Amino acid sequence: MLTILPVTVFAALTPGPPFVRLDKNDAMVIVADLQVGLYQVVHDFDPTIYRNNILAHTAIASLFSLPIVLTTSAETGPNGPLPKEIATMYPSAPLIRRNGEVDAWDNPDFRAAVRAANKSQIILAGITTDVCTEFLALSLRAEGYTVFANTEASGTFTQKLADDANERMRGAGVVLQGVFAIVMDLMRDWRNTPGSKEVLPWLDEFLPAYGYIARAHGAAVLNGTLAPGEEGL
């Protein structure tokens, strides 16, 4: 008897757009105008949550040993200085105090500091989203950088302004991501270094919703006993 084996037919796939991945060896962080005066104009986030978000954004550089450039706008005026938690986190990092330029890229000292880092990927957040983040992101894209705008650490007057700015940045090829996605892409694998040992305590501090998952697991392993009815679940 002749046996006819089934033939597997594979569909022809058309490649989609490339998946742009963060590379911890080619990335840097920019803190753009996350100043104590400007903080007060942010109304698209809860103030307590937003404070944590800007500190988390800044701390990404420390976690992955990335270069960081800080910049402020008219900090001796109503915009105020950077929060002391940010200023003391990187006392030796370049801090470019702009006295007039709205777009940080228009400042030659800032451009020199970014270029000196010699990285092609930039993780960016600023106040406001529609000016300090958007203008700088578009300028960086025009220069050829790959820009990852941290949407959780950029804030502005209204949600509509944030949405409009994000739409314009997305149209220019800016990658819009939150803190967790940025950290996960930089880490890539929990077995890496930084990996589980370094990242879980960081998440516990800056993203407690995930940190408490690790805490719950640890508590269950160290102290847990099964409740009646859990055995077969």
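Predicted model: local features only at pLDDT ≥ 70, side-chain atom pairs only at ≥ 80, totals over all residues.
**Notes on the sheet, helices and cores of this model**

1. Stepping back to the whole sheet, it is open and has six strands in the order β3-β2-β1-β4-β5-β6, with parallel pairing. Which strands stand at the edges? They are β3 (95–98) and β6 (175–177); each has a single partner strand, so one side of each is left without a neighbour in the sheet. From one strand to the next, the twist averages 20°.

2. Now for the helix on the sheet. α1 lies across β1, β2, β4 and β5, and runs at about 145° to β1. This helix also matters for the next point.

3. The largest nonpolar core has 38 residues, and those touching the most other members are Ile60, Phe64, Leu66, Ile123, Val183, Leu186 and Trp202. Two or more residues each come from β1 (27–32), α1 (47–64), β2 (68–73), β4 (121–126), α6 (179–187) and α7 (196–206). Which element gives the most? That is α1, with nine residues.

4. Leucine 66 is worth a click in your viewer. Apart from neighbours within four places in sequence, leucine 66 is in contact with Lys24, Ala27, Met28, Val29, Ile60, Ala61, Ile123 and Leu186. There is also a second, separate core, with 21 residues, including Trp105, Ala117, Tyr145 and Met169.

5. Next, a helix pair. The axes of α4 and α5 come within 10 Å and cross at roughly 5°, so the two helices count as roughly parallel to each other. On the α4 side the contact is made by Thr129, Asp130, Thr133, Glu134, Ala137 and Leu138, and on the α5 side by Leu161, Ala162, Ala165, Asn166, Arg168 and Met169. Sorted by class, this contact has six nonpolar, three polar and three charged residues.

6. Threonine 156 sits in the loop between β5 (146–150) and α5 (159–171). Is threonine 156 buried or exposed? It counts as buried, because its relative accessibility is 0%. Leaving out neighbours within four places in sequence, threonine 156 is in contact with Val41, Val42, His43, Asp44, Thr128, Thr129, Asp130, Leu161 and Ala162.

7. Two cis peptide bonds deserve a look. One runs from isoleucine 127 to threonine 128, with omega near 5°; threonine 128 is in the loop between β4 and α4 (129–143), and is also one of the contacts of threonine 156. Another cis bond goes from threonine 193 to proline 194, with omega near -5°, and proline 194 is in the loop between α6 and α7.

8. Finally, positive phi values at residues other than glycine. Aspartate 33, in the loop between β1 and α1, has phi near 65°. With a relative accessible area of 2%, aspartate 33 is buried. Arginine 188 has a positive phi of about 75° and lies in the loop between α6 and α7, the loop that also holds proline 194.

Definitions and conventions: Residues numbered from 1 in each chain as written. Heavy atoms only, no water. Core = buried A, V, L, I, M, F, W, Y, C linked by side-chain atoms within 4.5 Å. Buried < 20%, exposed > 50% of the residue type's maximum accessible area, 1.4 Å probe, protein only. Helix = DSSP H or I, 4+ residues; strand = E, 2+ residues; numbered from the N terminus. Contact = heavy atoms within 4.5 Å. Axes fitted to C-alpha atoms, helices over the stretch in contact; angles between N-to-C directions. Parallel < 35°, antiparallel > 145°, perpendicular 65-115°, else oblique. Nonpolar A, V, L, I, M, F, W, Y, C, P; charged D, E, K, R; others polar. Pairing = 2+ DSSP bridges.
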